[in-house]
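Thank you all for coming; I would like to take a few minutes to walk through two parts of a structure that some of you have asked about. Please have a look at it first.

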Amino acid sequence: MSDSKPRYDVEMKGWLMKWTNYIKGYQRRWFVLSNGLLSYYRNQAEMAHTCRGTISLHGALIHTVDSCTFVISNGGTQTFHIKAANEVERQRWVTALELAKAKAIRAMESEDEEDVEFDQAHKREMESTIKCLNSRLEDLQTYNELINKHGSALQRSLSDLESHDNAQDVTTKMKAINERATLFRISSNAMINACSEFLELAQSQGHKWQKMLQHEQDQRQRLEEIIEQLARQQNILEQAAKTHQLQASLSASSDEDDDEAIEFYDAESEQKSGPLSTVTLSKEKKCEKTTKLKVQAMEGLNEEASPSSSDVEEVGGDKSNSQQPQNKKRGLISNFYHTGKNKDKRSSPKGKKAVPSTPLDSTKCQSSNEPLPSCSAAGTESQPLTPTQALCHSIARPGVRRTRVPDRPNCSLNLWSIMKNCIGKELSKIPMPVNFSEPLSMLQRLTEDYEYASVLDRAAECADMTEQLAYVAAFTVSSYSSTVNRTGKPFNPLLGETYECDRRDDLGWRAISEQVSHHPPMVAQYCEGKKWTCWQEFTMTSKFRGKYLQVTPMGTAHCLFPETGNHYTWKKVTTTVHNIIVGKLWIDQHGDTEILKHPDKTKCKLTYIPYSYFTRDVQRKVTGCVTDGAGVARWAIKGTWDGQIDIAPITANDGTPENPVYKTGSYITAWKRTDPPADYDKYYNFTLLACQLNEMEEGIAPTDSRLRPDQRLMEEGRWQDANQIKQKLEEKQRTVRRQRESNAEIAACDGTPYIPYEPVWFKQEMDEVTGQPAHSYKGGYWEAKERQDWSMCPDIF
């Protein structure tokens with residue numbers, strides 16, 4: 001008979017008849033249905049060590065032959081002919097198998113399921129084994145205590161025997177010694193038996209665990225092979241699509257391109273077309289001159305960006321515009337981006353149209369699309385900036401800010417050549433080209449958390465602290481709204497890099513951020529509003545798992561309302577980027593977080609529900625509840641992290657403490673996302689605030705992210721140049737770090753004190769609220785900006 005009572009992941013088990021061969025016919029076997037697998041054994045005792053066969057129900061066909069017989073096949077490689085005792089028993093098994101098949105299909109198709117190292121059956125078996133081993137260890141500890149106890153008693157009895165001369169006392173002591181020796185022998189035998197059982201259990205499981213480990217290693221290797229094969233296929237498809245696009249563009253373009261090419265060859269071979277030869281030569285000279293100016297301008301930037309680099313060669317020509325003092329880096333970059341306004345233009349013969357830009361131009365990401373600004377050696381009249389340059393070179397002023405950034409160029413990249421060595425590694429330790437990035441640093445990305453700081457302004461007006469906590473919870477959710485389509489990776493800040501954002505004139509807050517540590521990467525941030533203050537220390541752990549990238553934020557965020565003294569803390573939830581290798585990238589936020597009020601126990605628990613293809617409920621959903629210090633639910637929270645959050649007071653609870661059913665009042669909208677521009681997908685899916693974060697401002701620190709040259713070049717669309725500068729900046733940072741480590745070693749050998757690197761605007765101290773060390777703002781930045789005294793800032797660009 002079958003045991004129909006489910007037990008964890010075992011869905012059904014029992015005796016059935018299985019067809020073996022024509023000689024033996026049907027044989028009685030013990031079947032177990034578990035985790036989408038149907039396994040069978042000769043008897044129940046074999047479950048611990050020997051499985052006779054297993055078939056996966058994912059994609060299997062279940063066919064009923066007659067009233068008692070059914071067949072399970074997975075396409076020809078495996079087929080089980082099974083006979084039940086009666087029709088009722090057969091129907092129970094068929095129903096259970098169909099349900100298990102459906103669950104297996106859902107599990108295989110669900111892309112937000114976490115990868116597990118063992119299936120549920122192995123997990124339960126391992127937990128049982130570990131529990132048994134722990135029990136054996138406890139027995140060993142008990143027997144050890146008994147042996148010590150009885151051994152000590154026996155030793156005392158022997159000592160007493162030596163000190164007595166009376167024969168009668170000796171006889172009494174000998175009896176006591178025999179009793180204690182017997183107890184000692186019993187304890188020793190129990191200890192030996194327990195050791196044998198422990199050793200036997202460990203040896204019996206050791207081989208099985210080794211096989212399981214080997215299985216997991218084989219699974220990982222197969223996964224890597226599949227990913228590599230998919231990457232190759234995708235690369236082939238991309239190349240084919242690019243070729244087709246190029247051919248289509250060439251065929252659809254005007255005949256002037258072909259005419260120009262034919263004329264060029266005629267001029268070279270026949271040497272007849274004098275005017276045409278003149279035009280061609282003038283074009284070649286202009287192209288050569290433009291290239292020379294580009295190299296000069298680029299080298300001027302490279303020399304300033306990495307003064308310690310020895311691989312920058314000087315190029316002859318007029319360099320008067322690129323020679324600036326080393327200690328005036330901001331002046332150089334300002335001059336580089338704002339003074340030089342000559343723009344290389346595609347010239348064409350008179351009467352001809354300019355040669356159109358082909359897809360090949362954009363995929364190369366060369367400077368030919370957006371060349372570096374340069375000044376003419378002959379002192380010709382400067383030409384106006386192009387719209388792209390105007391966007392990148394604008395200077396923000398109160399009330400006048402840009403509303404977008406240049407469009408993202410369509411640049412191809414061999415993805416697998418970079419990703420194949422990244423599986424299982426920390427994201428911050430992988431050298432990434434700018435092709436995977438967006439033209440913002442992590443400092444700027446964190447500043448986006450305050451895009452909807454008006455929610456905190458509303459929270460500051462609340463008299464009820466539980467209502468205030470509900471608004472704070474809505475604010476924490478709003479920080480994820482801009483990430484729904486933002487699949488680009490922010491630039492990793494250099495050690496000592498800073499970013500200021502003073503928006504008191506229109507948004508009512510200002511923030512200062514600094515990269516305070518490089519290993520591990522860590523950002524400290526401090527933001528001041530009208531009636532609130534926020535600060536946080538942000539770091540993260542990230543792993544690339546082949547199919548998706550998972551980012552787990554670390555650190556704690558704080559919010560303080562000075563007028564009431566209400567202090568709240570929270571942590572960010574996990575972010576997962578799906579379809580890293582194949583498919584369209586998409587981002588999901590999931591997990592639980594608690595917003596705590598200090599020092600009492602008022603809190604809000606929020607749950608970010610993972611994205612699922614099989615739910616009828618709204619996606620990207622967030623639910624939560626605010627409870628007071630007594631544990632009574634006061635406010636309900638619901639909404640989506642990419643749309644809006646509604647809150648409502650809780651009036652009653654009709655359920656149990658374990659399964660509450662809340663009755664609420666009317667819901668009010670605590671936060672709602674502002675609709676992005678219609679064409680924002682063309683420029684990195686930036687919101688209006690994100691477009692303004694990297695806009696140049698006057699008077700900022702020389703370590704500000706807006707002065708980082710590789711990030712600025714990427715924004716302008718010159719990705720190849722940005723990659724070169726990025727490598728030089730990172731190498732300069734590694735050189736400084738190695739020098740710092742060398743100085744520390746020398747100081748340790750000499751026995752002299754060594755002062756390690758310390759941030760400029762933040763200091764590490766013990767957080768009184770969390771009890772953990774954290775970086776806090778020590779002040780002085782805005783005062784230094786007012787004085788324009790940046791002497792304390794390091795040279796990082």
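I will begin with a helix and then turn to a group of strands.

Before that, please keep in mind that this is a predicted model, in which local features need pLDDT of at least 70 and side-chain atom pairs count only at pLDDT 80 or more, while totals for chains, interfaces and linings use all residues. Residues are numbered from 1 along each chain as its sequence is written, and side-chain values use heavy atoms, with hydrogens and water left out.

Helices (H or I, at least four residues) and strands (E, at least two) are DSSP runs, numbered from the N terminus. Helix α15, residues 719-750, has 32 residues and reaches 46 Å from its first C-alpha to its last, close to the 46 Å expected at 1.5 Å a residue, where the expected span is 1.5 Å times one less than the number of residues. Its buried residues (under 20% relative accessible area, 1.4 Å probe, protein chains only) include W719, I725, L729 and A747. Just after α15, G751 takes a positive phi of about 75°.

Now to the strands, where two strands pair if DSSP finds at least two bridges between them. Strand β18, residues 586-598, runs antiparallel to β16, residues 566-570, with three bridges joining them, and Y568 stands opposite K597 in β18. Five bridges join β18 to β17, residues 574-578, again antiparallel, and V577 has I587 as its bridge partner. Finally, β18 pairs with β19, residues 603-608, in the antiparallel sense over six bridges, and a hairpin joins β18 to β19 through four residues.

Methods:
Buried < 20%, exposed > 50% of the residue type's maximum accessible area, 1.4 Å probe, protein only.
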